[in-house]
Amino acid sequence: MMSGSSPPAPSLPAGGGSFFRGYTKLCKGLAVILLLVHLVVQLFPSAVTYLALIPARTIPFAWNLITAGYVEQTIPGVIVSTIGLLLFGKLLEPLWGSKELSKFIFIVNFSTSACVFITAIVLYYITQQEIYLYTPLSGFYGVLSGLLVGIKQLLPDQELNLFALKIKAKWIPSLVALISIVVSFFVKDLMSYLPVLLFGIYMSWIYLRYFQKRLETGLKGDPSEEFSFSSFFPEFLRPILDPIASIFHRLLCGRSERADARGQTLDTSPLPGSDSIEANRRRERGQRALEQRLAEKLAAVRSSEGTSLDAADKV
């Protein structure tokens, strides 16, 4: 959960030989779990039946809704999930705190699995194809895509270098979703990952948009326009999406907004522009944390260079 002032952010690794330096204990612990579960699945393939999400067996194996997210069945999958968890968690945990990040991962993982389960059942009844019931579904991609949504919320204007292209962080979740959809049409094996990834983006947005507790205001969610559902799409589509999104907005938080308004003021409406002010505060905290990490990295590099020069002078 975010407070008025950001806690100190960890420093980036100063050298290539210290991969785990600066990464949070929570993320390193979860990374170890991903590696161990992958090892168990490789040594005992039958474990997939009990750990992965197989819709026909989810009842009575209801724990699959939690464990499936931590089961990576391939080596590339466990590598991508481990590195992504460490990198994204390093950005978010200093701003949210370990407790909120743990809560976020649990909620996104469980809700994503639940949505995938319901979707598989619906598809089975529509198509009568048993593949939807018995295909093992698993992977940490739902949580990873959810962490990208968290970065979009906190550091929307931060530019990231991807394959020689500079892309703002606010577009990364949308770009990942688009690429995944396109690639799945050509690589059929990736089709099973697509629902996990898309539901991860959507469920994390719902949690951050409507339910995450904000300590600085005592309210829930992020109602700013910069984090609306249509912000995931190009500008020309927003006039079409906004009316649709407003219907779900009223269904999800109509009552809570009225209750929050009564709690804040008596027979008055919220202050104009409060949503934009809150969004700016989030961006400023994220930017300060990023600048602090870069400053600490630069100081570490300069210290290393100074040590090398001293040693050279002595020689």
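Contact here means that heavy atoms lie within 4.5 Å. By that criterion, S180 touches L194 and L197, residues up to four places away in sequence not being counted. The model is predicted. The protein has 315 residues, and buried residues make up 39% of them. Its secondary structure comes to 11 helices and 2 strands.

**Overall architecture**

- From the N terminus, the elements follow the order α-α-α-α-α-α-α-β-β-α-α-α-α.
- Of the contacts with a separation of 6 or more, 71% are between residues 24 or more positions apart.
- The accessible surface of the protein amounts to about 17,500 Å², and carbon and sulfur atoms hold 67% of that surface.

**E72, a buried acidic residue**

- E72 belongs to the loop between α3 (64-67) and α4 (75-96).
- Although E72 is buried, it has no salt bridge. The nearest side chain of opposite charge is that of R57, at 19 Å, whereas a salt bridge requires a side-chain nitrogen of Lys or Arg within 4 Å of a carboxyl oxygen of Asp or Glu.
- The side chain of S81 is joined to that of E72 by a polar contact of 2.7 Å.
- The backbone nitrogen of F140 also lies 2.7 Å from a polar atom of the E72 side chain.
- With neighbours within four places in sequence left aside, the residues in contact with E72 are H38, G77, V78, S81, G139, F140 and Y141.

- L92 is placed in helix α4. Its relative accessibility is 1%, so L92 counts as buried, the limit for that class being under 20%.
- Residues touched by L92, apart from those up to four places away in sequence, are G97, L147, G150, I151 and L154.
- L92 and L155 are 63 residues apart in sequence, and their C-alpha atoms are 9.9 Å apart in space.
- I83 is likewise found in helix α4. I83 has a relative accessibility of 35% and therefore counts as partly exposed.
- A distance of 8.2 Å separates the C-alpha atoms of I83 and A31, which are 52 residues apart along the chain.

**Helix α7: S145**

- S145 is found in helix α7, which spans residues 141-154. S145 is buried because its relative accessible area is 2%.
- The S145 side chain reaches the backbone oxygen of L197 at 3.1 Å.
- L197 is also one of the residues in contact with S145, together with G200 and I201, when neighbours within four places in sequence are left aside.

**Helix α8 and the nonpolar surface patch**

- A nonpolar patch on the surface is formed by L175, L178, I179, I181, V182, V183, F185, F186, V187, L190 and L198, with about 930 Å² of accessible area together.
- Helix α8, residues 172-186, gives the most to this patch, with 8 residues.
- F186, a member of the patch, is found in helix α8. F186 counts as exposed because its relative accessibility is 70%, and the exposed class begins over 50%.
- S180 lies in helix α8 as well. Its side chain reaches the backbone oxygen of V176 at 2.7 Å.
- L190 is itself one of the patch residues.
- L197 is touched by S180 and is also in contact with S145.

**Backbone features in loops**

- The peptide bond from I59 to P60 is cis, and its omega is near 15°. P60 lies in the loop between α2 (47-51) and α3.
- Q128 has a positive phi of about 60°, although Q128 is not a glycine. Q128 has its place in the loop between α5 (98-127) and α6 (131-134).

How values were computed:
Residues numbered from 1 in each chain as written. Predicted model: local features only at pLDDT ≥ 70, side-chain atom pairs only at ≥ 80, totals over all residues. Heavy atoms only, no water. Helix = DSSP H or I, 4+ residues; strand = E, 2+ residues; numbered from the N terminus. Buried < 20%, exposed > 50% of the residue type's maximum accessible area, 1.4 Å probe, protein only. Lys, Arg positive; Asp, Glu negative; His and termini not counted. Polar contact = N/O pair within 3.5 Å; in protein donor to acceptor, adjacent residues only side chain to side chain. Patch = residues over 30% accessible without salt bridge, like charges linked within 9 Å, V, L, I, M, F, W, Y side chains within 5 Å. Areas by Shrake-Rupley, 256 points an atom, 1.4 Å probe, with all protein chains shown as cover.
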